[in-house]
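User: I'd like to talk through the pockets in this one. Can you take a look?

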Amino acid sequence: LKTIHYVTLTADGYVVEADAAAGVPPAILQHLMGLVAACGDIVVGRRTYEVLLAQTPMAAIPGTVIVLSRTLGAAQDVTIVRSPAEALRVLADRGLTSALIGGGPATYGAFLDYGAIDELHLNVAPVLAGSGLRIASLQAQPVGFDLVSVDRLEGGVIQAHYRRPS
Ligand SMILES: NC(=O)c1ccc[n+]([C@@H]2O[C@H](COP(=O)([O-])OP(=O)(O)OC[C@H]3O[C@@H](n4cnc5c(N)ncnc54)[C@H](OP(=O)(O)O)[C@@H]3O)[C@@H](O)[C@H]2O)c1
């Protein structure tokens with residue numbers, strides 16, 4: 001199963017928080033939903049799931065929604081998994097071939113620690129946050145990529161698509 005991380009950072013390298021004043025630019029959300037539809041799924045951590053749920057009914061997301069959590073029981077229109085390995089197993093069992101890892105930082109870290117990152121879509125928003133969340137991994141090993149493409153989105157966002165060298 002191919003794992004694709006989808007990350008939006010500020011210009012000073014912090015993870016943009018959806019409920020912060022600036023929020024995630026609409027052009028990014030639109031691009032993300034296009035990728036969800038193309039992959040057929042999105043994997044989010046329990047905290048990101050709660051942020052999403054406050055904004056959008058899960059049934060409106062154009063793919064299977066997998067929520068990574070050790071604490072949640074069953075929830076409507078999503079599948080709860082206890083580990084990155086289980087997330088990938090569930091998606092493979094459903095015949096999907098890509099896992100879109102939608103964050104947040106704890107979840108990116110969990111998949112990085114599991115060694116699961118084949119592609120990275122990185123958006124850089126034109127803002128300096130000064131402080132905030134960072135992607136953290138226990139295995140602090142560098143992971144290198146080839147640059148596939150760069151685009152410019154509305155709102156001054158730079159978008160880069162990277163792939164692990166084969
Ligand atoms: N800029 C972006 O690209 C982007 C994308 C997504 C989210 N965000 C922002 O990121 C923030 C939330 O990120 P976050 O790091 O606090 O939380 P998160 O990654 O969304 O969720 C963290 C939760 O996921 C579960 N989890 C994490 N690792 C796990 C593992 N190895 N096994 C089982 N469960 C695991 C735990 O849930 P339990 O506590 O239930 O066990 C943990 O509390 C929000 O502000 C959101 O807006 C930004």
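This is a predicted model: local features need pLDDT of at least 70, side-chain atom pairs count only at pLDDT 80 or more; totals for chains, interfaces and linings use all residues.

User: What volume does the largest pocket have?
Analyst: Its lining takes in 40 residues, with Gly45, Arg47, Thr48, Gly103 and Gly104 closest to the centre. The volume of this largest pocket comes out at about 1100 Å³.

User: Which element supplies the largest share of the lining of the largest pocket?
Analyst: Elements giving at least two residues each are β1 (2-10), α1 (26-39), β2 (41-45), α2 (46-55) and α4 (105-113). The largest share is six residues, and the element behind it is α2.

User: How many residues of the lining of the largest pocket are charged?
Analyst: By class, 22 of the lining residues are nonpolar and twelve are polar. Arg counts as charged, so Arg47, one of those closest to the centre, belongs to the charged group. That charged group numbers six.

User: And what's the volume of the second largest pocket?
Analyst: For the second largest pocket, the volume is about 440 Å³.

User: Which element gives the most to the lining of the second largest pocket?
Analyst: Two or more residues each come from β1, α4 and β6 (119-125). With three residues, the top contributor is β1.

Methods. Residues are numbered from 1 along each chain as its sequence is written. Side-chain values use heavy atoms; hydrogens and water are left out. On a 1 Å grid over the protein atoms alone, a cavity is a set of points where a 1.4 Å probe fits but cannot get out, and a pocket is an open set with protein on both sides within 12 Å along at least five of seven lines; lining residues have an atom within 4 Å of a point. Grid points are joined across faces, edges and corners, and a volume is the space filled by probe spheres set on the points. Helices (H or I, at least four residues) and strands (E, at least two) are DSSP runs, numbered from the N terminus.
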